[in-house]
Amino acid sequence: MKHLKTNILRVGLFLTLLLSAAVSFAQVKIGNNPTVINPNAVLDVESASKGILFPRLPLTATTNPSPLTAHVAGMQVYNTASGTDVEPGIYYNDGTKWVRVGAEADEVFIYGPGAPTGSCTTGTIYVDTLEDSNTEGNTWSCVAGAWVDYVPKPAPNTTPFYLAKSTVDAKGNKSSAIYRRGFVGLGRVTNPRASLHTEGLVLITRNGQTHAGLGNGTHNYNGIVNYYNTTTRNAYIAVQNNSASPNLYLSKDRASSGDVFVRFAMTSGGTTQTAGSITRTTGWNISYNTTSDGRLKENVKTTHYGIRDLMKVGVMDYNYISDKKKEGQTGFIAQELYKIYPEAVTVGGKDPKVNPWTVDYSKVTPLLVKAIQDQQKEIESLKTKLAEKDVFSAQEVAALKDLLRKQVAEKAASAK
């Protein structure tokens, strides 16, 4: 009995010392390097070959604390069950509900026509994009392999937008017209300088379609793209319209003579000037103009081109290889014209479908005018020569007539 009491006293003393140390240090190290503890940690766990095994228990719903008796902020467990909106995985409690760790990072957005059906992958969010659908714009999230209505976060008290024709904040309104005062930047634009300022694409076409093909007429649907390449700084506007309607309308109400529809301008050496324009003249007439102001020109002299050059130009009948109807056309071959009159030709690249040689037929006009002038000079010269021949012939005829009269008179005198 004496030994039993002694042992009990020894155990009590050991537990007292252990608890005193724990209270004094208020830190616990488990695993490797037990004497090295992070000064900011109450519990420091270190291992190169083992992990932490969280309490494994079945949750029933994110809003239900069960099997706990209440929501406890900071509580962390591994859920083993699939419920209304829970599935196996690590969850923490924020004081009002269970939240799955990493759930937001796993979300994948997809779009489709109409409401979603069938099984799905947890973490996927589906948006109905079918026009005129009863659920167009509605969103579903996939939970435990099934689609459930997506419940967004409560609308904020204020947003950057007003409801149309009012100063009432739009808040969570998803369908009414909205507006805002001030500039709006989209994409990479952090310093907008216009009512709508974006760096990149502005696309108008059927939902779900890209801009590819709008520039060469191969897109599945008609559309418009305002393209800006953020790397090369290239920009263009492409319009595809497969109907008989025009791709572009330029109109004026009661336009006056000289009013400009389109102006072409270029900058060279820091100087900007108009290179051409499309203007209204009189009545229903339109002029396509190329700048030719003498005040903008220098080194002016008569061209060396003329009728001899024009006579070398081959005028050909042909059809385009890509034309299935094989409709005949008449015109020039750019490479051949370039050898005679390069001013009207733009040299192309290796791929004729992408960068072909081209001819500006309007630039052939100066050659035609000069050839006509040369030809007219020759005509005038020939007319002068023919006139001289006509005068000489008249003199000869008069002399012959005089000679005949003399002969007739002589015969008449001898007959008497």
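Student: In which helix do E336 and K339 both lie?

Tutor: This is a predicted model, and in it E336 forms a salt bridge with K339, the closest N and O atoms being 3.5 Å apart. The two residues are three residues apart, about one turn of the helix. The helix that holds both of them is α3.

Student: How many salt bridges does a search of the whole structure find?

Tutor: Side chains of opposite charge can pair when their charged atoms come close. One of the pairs is K97 with D94, at 2.8 Å from N to O. Searching the whole structure gives a count of six.

Student: Which strands hold K29 and E46?

Tutor: The side chains of K29 and E46 meet in a salt bridge of 2.9 Å, N to O. This pair links distant parts of the chain, as the residues are 17 residues apart. K29 lies in strand β1, and E46 lies in strand β2.

Student: Why does K29 count as buried?

Tutor: Buried means under 20% relative accessible area. The partner of K29 in the salt bridge, E46, counts as partly exposed because its relative accessibility is 29%. K29 falls under the cut-off for buried, because its relative accessibility is 13%.

Student: What is the area of the nonpolar surface patch made by V28, I30, V42, L43, V45 and I52?

Tutor: Strands β1 (28-31) and β2 (43-46) each supply at least two residues of this patch. I52 is found in the loop between β2 and β3 (56-57), and I52 is exposed, with a relative accessible area of 60%. The patch has an area of about 560 Å².

Student: Which elements give two or more residues to the lining of the second largest pocket?

Tutor: The second largest pocket holds about 610 Å³ of space. Its lining has 18 residues, and those nearest its centre are Y320, Q335, P352, P356 and W357. The elements giving two or more residues to this lining are α3 (334-340) and β24 (358-359).

Student: How far apart in space are Q209 and N220, C-alpha to C-alpha?

Tutor: Q209 lies in the loop between β15 (202-204) and β16 (223-228), and Q209 counts as partly exposed at 26% relative accessibility. Leaving aside neighbours within four places in sequence, Q209 is in contact with L203, H219, N220 and Y221. Q209 and N220 are 11 residues apart in sequence, while their C-alpha distance in space is 8.4 Å.

Student: What share of the residues of the chain count as buried?

Tutor: The secondary structure of the chain comes to four helices and 24 strands. The accessible surface is about 32,100 Å², and 56% of that surface belongs to carbon and sulfur atoms. Of the 416 residues of the chain, the buried share is 18%.

Definitions and conventions:
Residues numbered from 1 in each chain as written. Predicted model: local features only at pLDDT ≥ 70, side-chain atom pairs only at ≥ 80, totals over all residues. Heavy atoms only, no water. Buried < 20%, exposed > 50% of the residue type's maximum accessible area, 1.4 Å probe, protein only. Areas by Shrake-Rupley, 256 points an atom, 1.4 Å probe, with all protein chains shown as cover. Patch = residues over 30% accessible without salt bridge, like charges linked within 9 Å, V, L, I, M, F, W, Y side chains within 5 Å. Salt bridge = Lys/Arg side-chain N within 4 Å of Asp/Glu carboxyl O. 1 Å grid on protein atoms, 1.4 Å probe; cavity = no way out; pocket = protein on both sides within 12 Å on 5 of 7 lines; lining within 4 Å. Points joined across faces, edges and corners; volume = space filled by probe spheres on them. Contact = heavy atoms within 4.5 Å.
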